[in-house]
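Student: I'm new to this one. Could you take a close look at a single part, the open sheet and the helices on it, and walk me through how it is put together?

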Amino acid sequence: MIINRTAASFGKLENSVLELKPGLNIISAPNEWGKSTWCAFVDNMLYGINTSDRDKSGYLSDKTKYRPWSGREMEGTMDITVSGDSITLQRTALGRAPMRNFTAVYTGTDIPVKGLTSENAGVSLTGVTRPVFQRTAFIRQHGIRVSQTPDLEKKISSIISSGDETLSYTDVYGKLKNQLNKLKHNNTGAIPAAAEKLAEARAALDSIQAASKDAAGLRRETENLVKLNEDLENELEAINIMDIIKERDKLKNAEQAALSARAEADKAEAELKAFPSTEPELLDEIRGELSSLSMAEELRAEAVSTVNEARAALANAQKSTEGSVFSGKTPEQASLAWESVLRAEEAFKSKKKTSSLLTTLFLIAGVCAIIAGLICSFDAVFLASFCGIGVVLVCAGFLFRLPVKKAKDVLNSVMAQYNNYSSDILRVKCQSYTEAYENAEAARTALANAEAALLKAESTAEEKRSQLITKARMADPSVSNSEEIAQSLDKIRATKERCARLNAAAQSAESYYEAVKASAKPENELPDVTPPEIIPRRTRSETMGLLKDSRRRLEAAKDNYNLTQGRMRALGDPIVIEGEINRYTERLKQLQERYDAVNLAMEALSEADREIHTRFAPVLAKTAGQIFARLTGGSYDMVAFDRSLDAAAQAKGETVSRNVLTLSSGTEDQLYLALRLAVCCLAMDEHNPCPIIMDDALASFDDVRARLALDYLRELSKTRQIILLSCHTREAEYFKDCQDVNVITL
């Protein structure tokens, strides 16, 4: 098929006409000229507008996206050549359906083309369905990658099979999968339904068996409850008898307790009368005077402690004076002794100073006289005179030392009386002795005062003790000393409290006896009973509660037994239900066998598909690899595709293939362009090949690989029409001087 001319009112195309030629057509147009719109027009002229397609979020259907901007109806014509015949296709609106009205006539006539309709036009003219056309010969902008569809799968399978394109692994596998889902899909399908019926029948039979078991249990429970009621009634009767016996014993015990309590109270009253007086005022006075005596004793004890401390202080003070050099002297005498030593020291120092000065002067004068005599030695008389004078002066100097020795002897004599202490040391010792002497005198005075206070405290305590004993004997004559007074008071208090407590207890017991006597039945009205044979284990309220609950449970058990019998009758006959179980079991077995058969068929189909894939993959990979090598200038020499047409390429000289995701975007586009062209070469009718339409398919190619691709397309255009639309001018520039390439610049 060759497209010769198009005229469209489609999107932004307003009566736009495009003239084409066989071979390679290069259409160079800027962005927003309508290249993609023109490609969509060709697709919809061949296969029609899909009116069932709906707009979605982020997506517009073709009927909305390509509505003419001018407001006219969506329509157009396309002149083509098919097997040497010129045909004109025309699509116009049919009511509100765009391009639904289709006509196909031989060009220049009104003669319709037989068998060419709106539904089959695309398949009849291109030889492939719309999905296959869009994934092979129709290359949109940014849509060069190939995705798998059942139609493309059928077409590829026909490459290595008998050519039958009616079968697809996906279609057949889908039909088998539908059958499998009808039989069983999760919890739906014939098998789960049959299993549910079987489960219901088995549940009904189990319910009958459970109801029968429940009925037997309820029967046993009823019998047990009847026996329990009898036991509880007997126990209640025994409780009634025990209550009568307890009532009699209670009255006797209350009377005995009242008599015993009164006897104890009388005994306590007798003990209390042994004390002459127990008046609270007297006892309070005794307690007060006892506290006063205690305080007096404490004061006496403190006075004794003070006397002892004063004596110890006096002994310490006297001890401090005994070791002193002034021991036995008064402070005044010690001061005079110190001053005598001081005066002897001052006299010695004064004489020593005067003697030293005169001795030094006389010695110097004598030495000077002797030296002068020696200097003037020319006269013997003169020499003798001066030497004699010098000797006399020296001797006179030494005579001045005699008073100093005498003063020192006096000083030593005075200091010997006081252990040879100097005046400074004696002054300090005198001060210490004076302080110790004064402390001793103060301690002696404090001792005298403490002894006087002690005598007074002892007198006061003795007087209070005598008065307290006299008053305490008024309450308890047995008291002989003050130490017994506190014990006597405690004894009196305890006797009074016990007497009051026992009187209160006696009154309470007597009141209780009167109350029991008043509430009890007369002796002649109480029946004559003997102790019961059984001993009750519970109280009356517990027994009555259990009896009430047992009677209620007995009634409920009887009702449940009757309901269970009715439920068993409502569930049906167990024999009939067992027959249903057998039928459902057989039905489920048949469905499971069918399920297994379909599952086995799907496995066999998958195995056959894998075998077919292993046959067509090498053919397709070989052809695509050859084209890819041409497009990349020999950089890649081998490609591979899986069943979903995900590709991998092996560079020349490498040992392993690389996934397409690792390639650059341009190389990826070249790889999938090679795949598309390979499918076109292998799967489409080689006698009437459809055109290859490319919308900016080389946009991501660099200049070198773009020229390689253009050379290959020029070679391929010798066998089929190729229409390349581009927003660049490099394709048109490359073929501007080529006569066999139709270059159109818009």
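Tutor: Helices (H or I, at least four residues) and strands (E, at least two) are DSSP runs, numbered from the N terminus. This is a predicted model, where local features need pLDDT of at least 70, side-chain atom pairs count only at pLDDT 80 or more, and totals for chains, interfaces and linings use all residues. Residues are numbered from 1 along each chain as its sequence is written, and side-chain values use heavy atoms, leaving out hydrogens and water.

Now the sheet. It is open, with 5 strands in the order S7-S11-S12-S3-S13 and parallel pairing; two strands pair if DSSP finds at least two bridges between them. At the edges you'll find S7 (138-139) and S13 (741-745), each with a single partner strand, so one side of each has no neighbour in the sheet.

Further in, S3 (residues 24-28) runs parallel to S12 (residues 722-726), and 5 bridges join them. One of the residues to look for is Ser-28, whose bridge partner in S12 is Ser-726.

Then come the helices. H1 (residues 35-47) packs on the sheet, touching S7, S11 (692-695) and S12, and its direction makes about 150° with that of S11. Helix H17 (residues 703-716) lies across S3, S11, S12 and S13, and runs at about 150° to S12.

Methods:
Contact = heavy atoms within 4.5 Å. Axes fitted to C-alpha atoms, helices over the stretch in contact; angles between N-to-C directions.
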